[in-house]
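Here is a short briefing to read with the model open beside you. It goes through strands, crossovers and core packing in turn.

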Amino acid sequence: MAGLDTSVARLLGTRYPIVQAPMAGGFTTPELVAAVSNAGALGSLGAAILPPDELRDAIAAIRRLTDRPFAVNLFAPLTPPEVDTEAIAAMQAVLAPFRAELGLPEAPLPSPPPPGLVEAQLAVVAEARVPVLSFTFGTLPFDAAREAGSVILGTATTVAEAVELERLGVDAVVAQSSEAGGHRGTFAGPFEDALVGGVALVPRIVDRVTAPVLLAGGIMDGRGIAAALALGAEGVQLGTAFLGCPEGGTTALQREVLAGAGDATVVSRAYSGRHARLVRTPLLDAISRSGVEPLPFPLQAMLVADLRAAALEASRADLLFVLAGQGSSAIRELPAAELVETLVREAEDAIRRLTGSS
């Protein structure tokens, strides 16, 4: 349908202007990425925490499953956080009762990630000639990837960030609205100023940049896709909607939490030390009520990593961290190809209603 034949679809080399969001931490498996790409959308590998060799292997696994375009997503380089032993001890004390419930010892002291990870990841992306490179949390040097043929997508949460990304030469801007699940990509200005809903954010960005814009945030069905296009976006990025796919890395318990979340998602630093939208749980509330500041990113994530794993193993939904966008209760447990087909059909139906066409 003409309404879905947009500049973003042509830029990405996909049938539809739909991008499966890159969710790090094992959720975007090679099987999910390939299934989405084979269905005519763009699958994305959340590779931000993968060491270079694992990234290389994941790219090879995707290529064994599809010959269609796909994306690799990385985090922009960040200044290593300082390790404050007193702050760590304070957060350990908050987590201690929950660790005891799960039979866990005190977590070892977290340490900053090794330097040079992003540079090594970028070298793999260029070497593998990945079709699409996307990034968040700021900017990164993508010249080598572009020279190797990658299309470049950067994440913006404000108009100023979108303008900066275009100045740097990205091919398209992913506008992350306040409804979006997962980590906030804000990199220019206060976090609080960047919580802008998609209805307000997309038209403002579209009016200021010439690069095509994709809306990411709270889109769970084809009506959301049609709405994004009506706002001026040329494409969409969906993350939470794909967490119900069996090809992905979610567990039955995580899908159950997503389906039962209703509107109970909050933006908090409790998960990783960086603001992220996730499902509200008793553990999250306890950390928030404690008055203890979460450790800087990614030290907080390292401190709670074994707690997250143990809670999953013990089927303790109350002790989970589940990143999710607003509208997560609309999640559908469908194979990826069927979900893409359903989203397209719903979007086409919505566009027909809007235009009055038969």
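Which way do Gly-43, Ser-44, Leu-45 and Gly-46 point from strand E2? In this predicted model, Gly-43 and Leu-45 point one way, while Ser-44 and Gly-46 point the other way. All of these residues are buried.

**Strands E2 and E3**
- Strand E2 (residues 43–46) pairs with strand E3 (residues 70–75) in the parallel sense, over 4 bridges.
- Ser-44 has Ala-71 in E3 as its bridge partner.
- Between E2 and E3 the chain passes through helix H3 (residues 52–65), giving a right-handed β-α-β crossover.

**Strand E5 and its neighbours**
- Strand E5 (residues 151–156) is largely enclosed by the rest of the structure, because 6 of its 6 residues are buried.
- Val-151, Leu-153 and Thr-155 point one way from E5, and Ile-152, Gly-154 and Ala-156 the other way.
- E5 pairs in the parallel sense with strand E4 (residues 132–136) over 4 bridges, and Phe-135 stands opposite Gly-154 in E5.
- E5 also runs parallel to strand E6 (residues 172–176), joined to it by 4 bridges, with Ala-156 opposite Ala-175 in E6.
- Together with helix H7 (residues 159–168), E5 and E6 make a right-handed β-α-β unit.

**Nonpolar cores**
- The largest nonpolar core has 101 residues, and those with the most contacts inside it include Leu-45, Leu-133 and Ile-225.
- Helix H13 (residues 336–355) gives the most to this core, with 8 residues.
- Ile-225 touches several residues, among them Leu-4, Ile-18, Leu-343 and Ala-347.
- A second, separate core of 12 residues includes Val-8, Leu-12, Val-19 and Leu-153.

Definitions and conventions
Residues numbered from 1 in each chain as written. Predicted model: local features only at pLDDT ≥ 70, side-chain atom pairs only at ≥ 80, totals over all residues. Heavy atoms only, no water. Core = buried A, V, L, I, M, F, W, Y, C linked by side-chain atoms within 4.5 Å. Buried < 20%, exposed > 50% of the residue type's maximum accessible area, 1.4 Å probe, protein only. Helix = DSSP H or I, 4+ residues; strand = E, 2+ residues; numbered from the N terminus. Contact = heavy atoms within 4.5 Å. Pairing = 2+ DSSP bridges. Right-handed = clockwise from strand over helix to strand, strands pointing away. Lists of a residue's contacts leave out its neighbours within four places in sequence.
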